[in-house]
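Here are my notes after a look through this one.

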Amino acid sequence: MANLAKFSDLQRSIAGIADDGARRQAIVGLVTGDQSWAELGIGLDLAVQYIGEPSEAECAAMRAAFARIHAEPVVDRMGLMRTAAIRVLSRTPGSADMDTLVEASYAYLWVDGGTIDAGAEMRGLALRGMAAADPAAGRWAAARLLFDGEVPDQEPQRTAVSVLAAHGDHPLLLRWIDDTPGPRPADAAAAAEAELTKALPARVWTERALLRLGDRSPVETMAAFDAVVLAVRTDVAPGLEALLLGVSDPDLFRALAMMLATSRELAFQDVLMGLGETLSLRMLDAYTDSLAVSRDPRKEKMLDRVTERARAGV
C-alpha cells in the first residue's frame, strides 16, 4: 500500500506541474534512465496524456523505453506499456522511428492460453506510424498485416484497410474481403466495404452487393449504405432498391431505409418511395418509420397507401 501511495503521489506531482515544458521534461526523466518498471509505466501513461506532438528527444525516449520493455516482455504481458510508447511515437514519426515501429508491427503478445493477442492495438498504431513516416513501407506493411492468418482483433486490419484505401489498393481489399477464408474482424470488414463502395463501378458494386450484402452481413451492409449516401453514389440507386427488397430483418431494413430517408438526393428518395407497393407486410412498420423522417413531399401519399395495404392485409 505504501508503494501504491508513493507512485500515485509521483503521478499527481508530475501531472500538477503548470509549465508544459517542465512537465514534459519530468516525464522524459521517468521514461529514461534506470527507473523501476512501475515508474516507467507511470511515465508512459503521462506521456500519452501530455505529449501530443513529441520532439525528437521525446521520440528517442519512447524508442528506448520500448526496447527496454521488449527485452523483458514478462513485465508487460498485456502490452500496455509498449502500446503507450508506440502510441506516442506514432504521433509524429520520422525515419529514426522506423525500426521500432516495424518491430512493434510484428509483435504478437498472446495471453489467456494463446486466445487473445494483447499486441493487436499496438500493431495497428505501429502501422499508422509507419504509413506516416514512410508511405511506401507502410503500404507494404498494411498488405502483410491485412492478410495475416491470425484474426484476433479489429487491429491491425482496421488500420491496414485505411492505409491501402489511401493508396488506391482497392483490388487488395476486394480480394481480402471476398476471397480470404475464415472470419474477418467486423469493423475492419465494414471499413473495407465502405471503401469499396466509394470506388467500385456501379454495375460491379450492384452485382457484388446482391451476392454479399443483406441479412448475412448487417454491419458491412450498413457501412456500405452509409458510404453510398455520404459519397452521393446516386448511380447505384437501382441496386439499393433491389438490395432493400431482399432484406428480411425489419430492424436492418429500418436502419438502411432511414439512411436514404435523411438524404436530400432525389435518386435516394425515389428508391424509398418506390418500395411501398412491393414490400412485404412484415416490413411495413419499419418502412413507415423511415417515411416519417423523409422530407420528400410524396411521403404523405405513400403513408396513406401503406396504411391501406396494412388494413387490407395485402
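**Notes on helix packing and salt bridges**

1. Starting with a helix pair: the axes of α15 and helix α16 (residues 266-273) approach within 8 Å, and they cross at roughly 140°. Angles over 145 degrees would count as roughly antiparallel, so α15 and α16 are classed as oblique to each other. Bear in mind throughout that this is a predicted model.

2. Who touches whom in that pair? On the α15 side we have A257, L260 and A261, and they meet F268, Q269, V271 and L272 of α16. Sorted by class, the α15 to α16 contact holds six nonpolar residues, one polar and no charged ones.

3. R254 pairs with D289, with the closest N and O atoms 2.8 Å apart. This links distant parts of the chain, since R254 sits in helix α15 (residues 250-261) and D289 in helix α17 (residues 284-293), 35 residues apart.

4. Next, R139 and D169. They form a salt bridge in which the closest N and O atoms are 2.7 Å apart. R139 belongs to helix α8 (residues 135-146), while D169 is in the loop between α9 (157-166) and α10 (170-179), so the bridge ties together parts that are 30 residues apart in sequence.

5. For a local case, look at E195 and K198, whose side chains form a salt bridge at 3.4 Å, N to O. Both lie in helix α11 (residues 186-199), and because they are three residues apart there, about one helical turn separates them. K198 is partly exposed, with 46% relative accessibility.

6. How many salt bridges are there altogether? The count comes to 22. Some share partners: D20, R23, R24 and E58 are joined into one network that way.

7. E58 brings us to α4, where E58 is listed as buried along with C59, A61, M62, R63, A65, F66 and I69. The cover over the buried residues of α4 includes α2 (20-31), α3 (37-50), α5 (80-89), α6 (98-105) and α7 (120-133). As a check on the geometry, helix α4 (residues 56-70) has 15 residues, which should span 21 Å at 1.5 Å a residue. The C-alpha atoms at its ends are 21 Å apart, in agreement with that expectation.

8. Last, a loop residue. Where is E277? It is in the loop between α16 and α17, and at 47% relative accessibility E277 counts as partly exposed, because the exposed class needs over 50%. Apart from neighbours within four places in sequence, E277 is in contact with R305 and R309. For a sense of scale, E277 and E39 are 238 residues apart in sequence, and their C-alpha atoms are 68 Å apart in space.

Key:
Residues numbered from 1 in each chain as written. Predicted model: local features only at pLDDT ≥ 70, side-chain atom pairs only at ≥ 80, totals over all residues. Heavy atoms only, no water. Salt bridge = Lys/Arg side-chain N within 4 Å of Asp/Glu carboxyl O. Helix = DSSP H or I, 4+ residues; strand = E, 2+ residues; numbered from the N terminus. Buried < 20%, exposed > 50% of the residue type's maximum accessible area, 1.4 Å probe, protein only. Expected span 1.5 Å × (residues − 1). Contact = heavy atoms within 4.5 Å. Axes fitted to C-alpha atoms, helices over the stretch in contact; angles between N-to-C directions. Parallel < 35°, antiparallel > 145°, perpendicular 65-115°, else oblique. Nonpolar A, V, L, I, M, F, W, Y, C, P; charged D, E, K, R; others polar.
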